[in-house]
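Please read it alongside the sequence and the structure shown here.

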Amino acid sequence: MLSFVLRRLGQSGVLVLIMSILVFVGMYVVSDPVAVLASDDFTEEDRIALASELGVDRPLMVQYFSFLSNMVRGDFGTSFVYNKPVLPLIVERLPATLEVAFLAIGIGLCVGVPLGIYSGLNRKRKSTKTISFLTTVGYSIPNFWQALLLILVFAVWLKVLPASGRGDTTMLFGIELSFFNVDGLRHMLLPAINLAIYKICMQTRLARSGTQEVMFQDYMTFARAKGIPRPRLIRRHLLRNIMIPIVTITGLELGGLIAFSTVTETVFSWPGIGKLLLDSIHHADRPVVVAYLILIVMMFVVINFVVDVLYALLDPRIRYT
Amino acid sequence: MNNLITVNDLTIAYPMSDGEIFRALNNISVEVNRGQIVGVVGESGAGKSTIGKTALGLLDENAIIEGGSVSLEGEKISNLSEAGFAPIRGKRIGYIYQNPMTALNPVLTIGEQLLETIEAHTDKRGNAAKAYAIELLEQAEVPEAEDRLSKYPHQLSGGLCQRIVFAIAICARPDLIIADEPTTALDVTVQKAVLDTLKKLAKQDNIAIILITHDMGVVAEMCDYVYVLRYGGMVEHGPTEQVLAHPSKDYSRELMAAIPRIDKKVDRFAVPGGMGKSADRDRALAFLLRREDRNVIVDDKPLLTARNLSKTFVTPATVVSAEKVFKAVDDVSFDVSHGETLGIVGESGSGKSTVGRMVLGLHQPDEGYELTYRAQDLSSLKSRAERLALSKSMQCIFQDPYSSLNPRMSAGENITHAIKAHGTVGRTEAHELAGDLMELVGLPRGNVRKMPHAFSGGERQRIGIARALSFRPDFLFCDEPTSALDVTVQAELLNLMKDLQSTLGLTMLFVSHDLAVVRQMCDRVLVMKAGQVVESGDCDKVLVDPDHPYTQGLLQAMPRFSFDMG
Amino acid sequence: METAVEHTMTPKPDKPEPTMWERFRKVFKGHPMAIAGLIGVTLFILTAVFAPFIAPQNPYDLAKLDILDGLLPPGSRLYDGTYSAMGTDALGRDILSGVMYGLRISLFVAFTAVLVGSTIGVLLGLLAALRGGWVETIIMRAVDLKISFPGILLALMLLAIFGTGVDKVIYALIIGAWASKARLVRAVALSEMKKEYIDAARLAGLSDFRIMTRFLLPNSISPVLVVLPMSISGAIGAEATLSFLGVGVPITEPSLGLLIANGNDYLLSGKWWISIFPGAVLVAMVLCINVVSDRLRDHANPYLRAKD
Amino acid sequence: MKKTLTTLAAAAALMVGGGAQAEVLRMAYSSAPRSVDPYPFGGATTAGYKEHIYEALVGHDDQPLLSTGWTWNSPTSLTVHLREGVSFHNGEPFTARDVVYSACRMMFKIDDKRNLLTSSMGPLTDVVAEGDHAVRFETKNPYPLWIQKMKFLSILSASGGDVPDGPITYDATGDCGITAYPTRDDFENGDAAIGTGPFKHVSFAKEFAVMERNDDYWGEASKWEGVEISSVSNSGARFAGLLAGDYDLIENPTNEDITALDGDDDFDFSGKPAWRTMFVVLDVNAEGAPGVTAADGSAPLANAKVRHAMSLAINRDAITDRLFGGNATPANQYAPSYRAGAPEMPALEYDADKAKALLAEAGYPDGFTLQFNAPSDRYPNGTRVAQALAQYWSRIGITVELNTQPWSVFAKARRAREMGAFFYGWGHPQGPAQMISFAFATRDKDLGLGSSNYSNYSSEAFDAAIKAWAVETDAAKADEHVGNAMRAAMADMPGIPVYYTHSLWAHRADLTVDGRQDERTSAFMVSYK
């Protein structure tokens, strides 16, 4: 157990290193902070001064190692653009993203899994065909386009939901949350749906194939032979078994949502970290991008870990061996 | 008179994906009276499980009842709906599933699975239900019944799981229990005890049993009356003793003759099969006997000596479990001399296969071992060439015919791929050879191009043998070569192997859980238990009056049918 | 499955192996949706291939475009008399022609990216399974890394280093495609490794390379083949998104995705045709691909096939 | 899920009522103001936001604001007379001390990072308070531009930071003996966000800022009780937000979107010709330009005939009314012709045949290959205009490879001078001359000329005129020099002016917007019909 955790930690340490190098080099070739920040009436002297203040006049290696030494001391650097320490910059935007991500995943599960089980149980029905058709349509529409159509329909035509922004939030333990606030929820709904549609389709498919496989397992036949009422058969025997793969995948999906819902957050100008990442990439704000991606790597490591634990919780075969 | 259950001219058909109709059952009639234990025997494909499934409405959705019916106490049930079966399943007809390990839901506790059944069929709830559950388990002779409730299936042995399945089956005190191969998945010692329990349970509540099995021994010990099926058709039926002792049909006779006997060694089974007879076969033999490209040492030294073989398996730690260490083989030593067959018997998990795999180099033994083959120290083998020469000379016949062939290669390619790769033979020659070898092992050479899935288990095993032979080995490791096969097929195969051994002078290491088979095949035998050798010596000694209690136990447990037939 | 086993065990009449065509027919027989999808896919591919011959206009030749033809509604005529069934965009680009050529780009990009990416992924996955140890660790960590690296940054890097171009987008998508395949194949291959035919191959002294190519590969590939079509539609979507983010294909050679992205700006002002037509085509195509792939998946799923 | 649905319904009901009341003006910016602190950052939205709270000595129209006028003591010394009776939001009176303090604050480096606006202060050598109501600015070289540059110097209250009593002495490091300046947080929580402007800071979060009316404003108080500024970078969402009633006014609607407002009763849009010139920068380097290749290996762009031909090939009217629906003005020089001080110039003609002929005459009858670069995410309609230009040039036989990149990539390539021809837009607070002085003058450190000269253009006539302008304190004479410079440049055409942008605002139909040239959006421009 411990050895396992240590090994994981070691590997993720290496991951973080490689990631930071990649991003450093990446951002270096992509853009020049001075060129982006300096306005046109800057004299060359101004530009050189700016470069030295940002510390980008030093050779890349030097920049990288000073970054490393700061990082181990927990200092991820200062944003070129906002001239603020990077970590708070990211952290203050985190709740917004987390809220939407969880809402989206929630919707995905609550809608997708039942649909999936239903279509898994009644493979031949018309309704099943329709469901699979819809799921296919659902994830064949590019995300950004979907977003605009949503805005068009719900905000412009029906005028029932706000098109953008985060709306009012309620403070909870010093964290701004939209969840406990009607206006906040309304603002959250469209982005969440935009993200959820794909998840719904995926969960449906997962649950469907899962159901189809489990239904043919010996223990399902035997449970029927025992004379267990069908509802219980599905609730206990089926659900418990298909949840195992679903949880695993959902974990990673959640990670993806948290890390890279850039498009959605941009289109709905949702003040989350995804938008921050995109803006920072475009504004050559290397410190933010580096710190961001390092955090993301760590997050995925944690998520993988949690998923493994959940897996064990759901599957006694792994728990007790 | 009014039978408990009557199966009447039942015909069940499956439309197959290739458009043909496959009849799992063809005009089958079976009658069972209260308290009677009826055996339904037959080899795979006989459709025996289908009978049970029909009685419980568990047929796959695309199965068609073309004719006949099943009726329970006179009322027809074969045409009931899913809902219609509700009052029957578990309540009037209990079901015992082939493999207890897969029959129980892996993610639910024993208690949950037992209680849900109780709540479904009785009005007992809460503590009453729990008490009843424990009572049932105790009746099924599950030790420490109470704390088993909180356990999960995989934490218990196969035998225990099967007993739990019994408990579930008798929960509603049904009139009939359908036991579908209840002991196939179990070790012989366990099998006996489990069967006794089943018998006891049946007696105490006067429950009738339909015992579906392929094992004549089991039938002999359990059943009063027996039906013999083949390919979905009825061969014959009658009181057990009569059918087993004086079978009236050829197939039944063959069946009986095919059963390996522990009590006496026959040099061939009285069944067709063995090496094919033809020009092809002789060509194949010629090829196999062409040995000039091999250095044969003929001296009195044993061909293979193994000293202090041990194997420890380490499963790395995971999130929830620490690193686990399991000693599969513990300090095993033996010799195998030219042309002899050494058997290794033992129950599952005794490490018998691991020994062979170490000899072949598929497992790396723990430090401090010594393996000499043809006076060569195997541990010292470095160069690829040496390894190659060795791997050609030592081959293996694997346990599971369904996974031992490459599914994406034709039979012929499977046989000759490797020797082509090594350049032993050319393309055209290889194709010829493949055909010859198939004839040799008794398959029509016309099937050379067929893919493995088109063959039955026995046929695949023959292909496996042909592949092993293609290397012109001196030494064959046979890893439970027939455990997955029906008795008749097994008999044919064993005949073939005997023939090949005598013609080619092969040396064999023969691993099996079936003492009878070992008795038939081997000269000497090692008896293994939990990784260690408990007893070894000549078969005629060890398998007739063993010294070690464990071996004695094994022999005791062997279901033997005592009716002697001419 | 009991029935499946019984079936293979019954003595078979000597039937020749089914030909490709027979297999093919077996898969699609009695599945109208799937057949429709198949036809759709073929049509789209044909259109893409022959676009230059059937398109009313060459939308990639700037000299042929005139902004005076801009924003014409469907059914108008361009200045030079060409009939524009789907209208034009701001630069006087005939949407119908744009869609045909765009289809060409989108399909080309998606197919090459997914095929190359998957091949790399499969090989790495097999290698990881076969070799294990540090090789496996490195490959699988690389997968993790890729998963936490944003495609947009990747695309930007390529764009900054090599400049814009369809090929750059393909590289970006290739890097996007390999990881999941590697994961998948490794999982399958690991379970195949446990089977005895691999032992047999080892015992026969065959080289790792041969074991990988002749034994592991053919037996581990099918799940990948099943998800392939889905990856392709995924890649089409990804390319669209990259274009939307301004790091996709060159704007003078719009793909479907880029056409949609451009049309986006006009949706609110009621010039729907600019994005709806390309969008509809994209959806339709992806739909066809998926319907077909679903059918293939169901067919490949042993539990279902036994019942078919 | 169910719960959210009900709340949703409730919300929908709410919506109907909403929108109507607008004592608070809800505006949506196209990008988020960077800070409450007026100094560190430039950019239209930041500037637009901060001028609600802070004011400078000179207004956006270059007219006195917190000053009443000024007198040149010498070409290097200017005395500005401050407006009296002005007080800060905290009630403190506005005095010369505050100006010196603000100057120091401007020069001071926060965490060793200069304020991005500091460069305008570059030439200043001293800032001296002359009594309470006058300030003297000293420069080492003549710096007439300071008059206009003063608008960057937002005036903070000296009471804001930790300031010792008594007069403050200015120094270029910004130290000025001041113990501590207010921090970023002090500004964001409002403690230090104290100016003289018509609105007071209430709150400032990531993408959302709130302000309330300053009732003691020295000038005419605003009609708006308060202002809410949201930031919605995606134009589609911004516009949708307006239509959905989330905002009363949005800036920079796309030219596409506003066409949807024709004949709409609820919403309308207003435009204002802005100060930004969109033009094509051409590298006239005689050794050839990156990405520009001719069959004979010569350098086409070095030839003025070629540059004129390229200009002739462009149908500017088509661009402005097809791509902008008339919300742009065809350009005839490098600065908007309608800006104060811009010389009279003839319209640039469009004649493809003449262009072809000229190209042939220049020695390129079969044209040449030109890689034309444009930022993909910078200017409204930018990529479309770029494609249109490519269309026109390819018609006269030039092979154009259009290469669009995100701004970050583009800016890097531009700074590295890797682009021989690129599309660019430049607007400037300080009249017509400023931009060409940076873009086309031969580099001159002292006068800060030519620092953005990517054309590698160098002309004595032009330089002479610009140098003269740079030191001319007399407005009329200055304009004359500008005229000469502009004509010289246009004759050589180191860059091709295409059009002048208009600032656009979409808003509720019952509002009128009196827009400004400087692309900023503020509540002062907005009033009820």
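## An exposed position in chain D

In this predicted model, D:Thr71 counts as exposed because 11 other C-beta atoms lie within 10 Å of its own, and a residue is called exposed if that number is 12 or fewer. D:Thr71 has its place in strand E2 of chain D, which covers residues 67-74. Between the C-alpha atoms of D:Thr71 and D:Ser452, which stand 381 residues apart along the chain, there is a separation of 32 Å.

Strand E8 of chain B, residues 208-213, is mostly covered, with 6 of its 6 residues buried. In a regular strand the side chains alternate between the two faces of the sheet. In E8(B) both faces are covered: one side carries B:Ala208, B:Ile210 and B:Ile212, the other carries B:Ile209, B:Leu211 and B:Thr213, and all of these are buried.

Together with helix H8 of chain B (residues 188-205), the strands E7(B) and E8(B) make a right-handed β-α-β unit.

## The contact between chains A and D

Where chain A meets chain D, 45 residues of chain A are in contact with 48 residues of chain D. On the side of chain A that touches chain D, at least two residues each are supplied by helix H2 (33-37), helix H3 (44-54), helix H5 (86-121), helix H7 (143-157), helix H8 (182-215) and helix H11 (262-267) of chain A. The largest share of this side comes from H3(A), with 5 residues. By residue class, the side of chain A that touches chain D divides into 24 nonpolar, 11 polar and 10 charged residues.

## The contact between chains C and D

The contact between chains C and D takes 24 residues from chain C and 29 residues from chain D. On the side of chain C that touches chain D, the elements that give two or more residues are helix H6 (151-162) and helix H11 (256-267) of chain C. The residues on this side of chain C comprise 14 nonpolar, 8 polar and 2 charged.

Notes: Residues numbered from 1 in each chain as written. Chains lettered and ligands numbered in written order. Predicted model: local features only at pLDDT ≥ 70, side-chain atom pairs only at ≥ 80, totals over all residues. Contact = placed C-beta atoms within 7 Å. Helix = DSSP H or I, 4+ residues; strand = E, 2+ residues; numbered from the N terminus. Nonpolar A, V, L, I, M, F, W, Y, C, P; charged D, E, K, R; others polar. Buried ≥ 20, exposed ≤ 12 C-beta atoms within 10 Å, placed from the backbone. Right-handed = clockwise from strand over helix to strand, strands pointing away.
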